[in-house]
Amino acid sequence: MPHVVIIAGAPSVSSRLTGLTSYSAEVLERAGLSVEVIQVSALPAEALVYADFNSTAVKQALVSVQAADAVIVATPVYKAAYSGVLKLFLDLIPQEGLRGKPVLPLVIGGSIAHLLAIDYALKPVLSALGARQLLGGVYAVDQGITRLEQGGFSLSAEIIDRLERSLQELTEPLPATQPAIS
């Protein structure tokens, strides 16, 4: 069964970014893929800041990325770039750690003004990590994701459409799965 790792680079699971990553995980699992979410903010902060490659949690996360058939890198935009917590984790991935894997960037921001953060901030780093099957990505404005009173998130139809098309593109090069994503 193909395995997808989602690297969630929000500083908190209450971020609207979790709406994107949770929806993505559900769609991929329904399509017959195995999905693992690495919530970077849940990794030991000291291990991230000091690049402690001996940290058990960091080792496990890096093994997961290495073993993945495809990777989703998700982040909110802060100061026209990806989050600092995501950068700390990306710095731990070996130089060619994303080679041979389709990689889908998912980014959420407060306005459309930061749309180019995917191309000018995130993609160069992913490329430096060996990502050559680097997809266009999905940028969502946070107003398109609503927190539900009972928990969870609701995504706008427009975000769902773009996200599902990108997830289909991510999984196309993987070994055959269950029904197509749609």
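I take a residue as partly exposed when its relative accessible area falls between the buried class, under 20%, and the exposed class, over 50%. The model is predicted.

**Entry 1: Lys87 and Asp91.** I looked up Asp91 and found a relative accessible area of 46%, so Asp91 is partly exposed. Its side chain meets that of Lys87 in a salt bridge, at 2.6 Å from N to O. I noted Lys87 as partly exposed too, at 31% relative accessibility.

**Entry 2: salt bridges overall.** I followed two others in detail.

**Entry 3: Asp119 and Lys123.** These residues form a salt bridge, with the closest N and O atoms 3.2 Å apart. I placed both in helix α5, where a spacing of 4 residues separates them by about one helical turn. Asp119 is partly exposed at 37%. Lys123 has a relative accessible area of 16%, so I recorded Lys123 as buried, the limit for that class being under 20%.

**Entry 4: Glu158 and Arg162.** I found a salt bridge here with closest N and O atoms 2.4 Å apart. Both residues belong to helix α6, residues 157-171, and stand 4 residues apart, about one turn of the helix. Glu158 is partly exposed, with 46% relative accessible area, and Arg162 is partly exposed with 22%.

**Entry 5: a nonpolar patch.** I located a surface patch made of Ile112, Leu115, Leu116 and Tyr120, which together have about 450 Å² of accessible area. I traced Leu116 to the loop between β4 (102-109) and α5 (117-128). Leu116 is partly exposed, at 46% relative accessible area.

Technical notes. Residues are numbered from 1 along each chain as its sequence is written. This is a predicted model: local features need pLDDT of at least 70, side-chain atom pairs count only at pLDDT 80 or more; totals for chains, interfaces and linings use all residues. Side-chain values use heavy atoms; hydrogens and water are left out. Patches are made of residues with over 30% relative accessible area and no salt bridge: like charges are joined within 9 Å, nonpolar side chains (Val, Leu, Ile, Met, Phe, Trp, Tyr) within 5 Å. Accessible areas come from the Shrake-Rupley method with a 1.4 Å probe; for residues, only the protein chains shown count as cover. A salt bridge is a side-chain nitrogen of Lys or Arg within 4 Å of a carboxyl oxygen of Asp or Glu. Helices (H or I, at least four residues) and strands (E, at least two) are DSSP runs, numbered from the N terminus. Buried means under 20% relative accessible area, exposed over 50%, partly exposed in between (1.4 Å probe, protein chains only).
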